[in-house]
Amino acid sequence: MTMELDVFVGNTTIMDEEVYQLWLDGYTVFDAVKVRIDGGVMEECEASADVLLSDTMDQYRTFQMCERLLHSPSKLGNQLLFQIPPHRQAMLIERYYTFDDAFVREVLGKKLSKGTKKDLDDISAKTSVTLKSCRRQFDNFKRVFKVVEELKGPLVENIRQHFLLSDKLARDYAAIVFFANNRFETGKRKLHYLTFQDFAFCAGQLISNWTVGAVDSMVEDMDVDLDKEFLQDLKELKVLITDKDLLDQHKSLVCTALRGKTKAFTEMEANFKNISRGLVNIAAKLTNTKDVRDFFLDLVEKFIEPCRSDRWTAADVRLYLTHYNNSAHILDTFKHQVVWDRYMGVIKGCIFKMYHD
C-alpha cells in the first residue's frame, strides 16, 4: 500500500500574505488555489498545481492553529509553537482585526448579540462579504466590546494595548464599541448615504467631548457612556429659543455677520428661527434614551435636509454654523456659554462631516 505524506520542516514559520488574506476573506482551499493560479503564481514559482494545493492547505492549517492566539493577541508573542518575527505578528494581528466597511455599516449601532448574528446570512448576501468573513468580523467586534467594557481608562488606548492594533484601527473599534453601547440609529433610509468613516469621525467627537471621560479621566466606563449631568445641563440652552428677545438678538447678530458673504443669505435669514429651534431642541431632548439613539437622524432631518432643500453648499454650512456658534457669546443675558461650547463643538464637527454637497 502506498502512502503519500506532506511534510514541512523548518524554523521560521512561512506565511504568504496573499494566502492569509484569502483565508481571512473566507475562501475555501480550492477557491484560494484558483485565485493563486489566476494570479500567475505557478509561472512565478515554477510550481505544479499539486504543489500549490499542498502549500495552500499547509498554510491554511497554520492560520487555523494561530487563530486562537489571535483572539488574545498578546499571547502570539509569548508562545513557542510558531517562530514568527515581530513584524509578521503585527501584520497577522492587524489584518485579522481589519474589517470590511460594507459589513460594519450594516451592523453599526446594533446590539452585538445572537439576534444580530442570525442576520449574518442576509448581510453576507447584501454586502458580498463571505459568511465566514462576516462571522470573523462580528466575533471580533463582540470580543473587543466584551474586553473593554470591563476596563477603566481611555477607550482607544485600552483597545490598542489589549489587542495590539494600530491607532487608526483602534479608533475605528472604539467607534464600533461606542455605537453598540449607545445603540445609535444608523439604518434608516435617510442615513444610508453616510459611510462608516463618517460615523466613526462623529463617534470620536462624541467620545472626546460628551462622555464622562471628557471631564474626568478616573471614572469607570469613561469613554463609553455619555455624561448624564452634561445632557441634563443641555436643557438650559432652550432659553435661546424660548426667550423671544434672545432669539431675535441671536438672529440679528448672525445675519449681520453673514450679509454679503453667501448667495444663500436670503434663505439663511428666512429660516433662522426654524433651524435654531431644531438645533436647540436636539440638545434639550438628549436626556431621553430614544432621542440619544436618534441623534444622527435628528441632525439630518432638522438641519441637513432643510439646508439641502435651500441648496446650501458645504462652505455655506460651515460659514453659517461658525457665526451661529460665535454669536451666542455676544448675547449679554445668555449664561450657559460653557455648555453651549461643549455642545456646539460636537454639532459643528458632526454636521461638517455629514453634509455632503
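Colour the protein by secondary structure to begin, and you will find 21 helices and zero strands, where helices (H or I, at least four residues) and strands (E, at least two) are DSSP runs numbered from the N terminus. This is a predicted model, in which local features need pLDDT of at least 70 and side-chain atom pairs count only at pLDDT 80 or more, while totals for chains, interfaces and linings use all residues. Residues are numbered from 1 along each chain as its sequence is written, and side-chain values use heavy atoms, leaving out hydrogens and water.

Zoom out next: the C-alpha atoms fill a box of roughly 100 × 45 × 35 Å along the principal axes.

Now select helix H11, residues 167–182, where arginine 171 and aspartate 167 sit four residues apart, about one helical turn. The two form a salt bridge, with their closest N and O atoms 2.9 Å apart; the term means a side-chain nitrogen of Lys or Arg within 4 Å of a carboxyl oxygen of Asp or Glu. Arginine 171 is partly exposed at 47% relative accessible area, a class lying between buried (under 20%) and exposed (over 50%), found with a 1.4 Å probe and protein chains only.

Move on to lysine 190 and glutamate 301, whose side chains meet in a salt bridge at 3.2 Å, N to O. Lysine 190 lies in the loop between H11 and helix H12 (196–210) and glutamate 301 in helix H19 (residues 295–309), so this pair ties together parts 111 residues apart in sequence.

Finish at arginine 259, which forms a salt bridge with glutamate 269, the closest N and O atoms being 3.8 Å apart.
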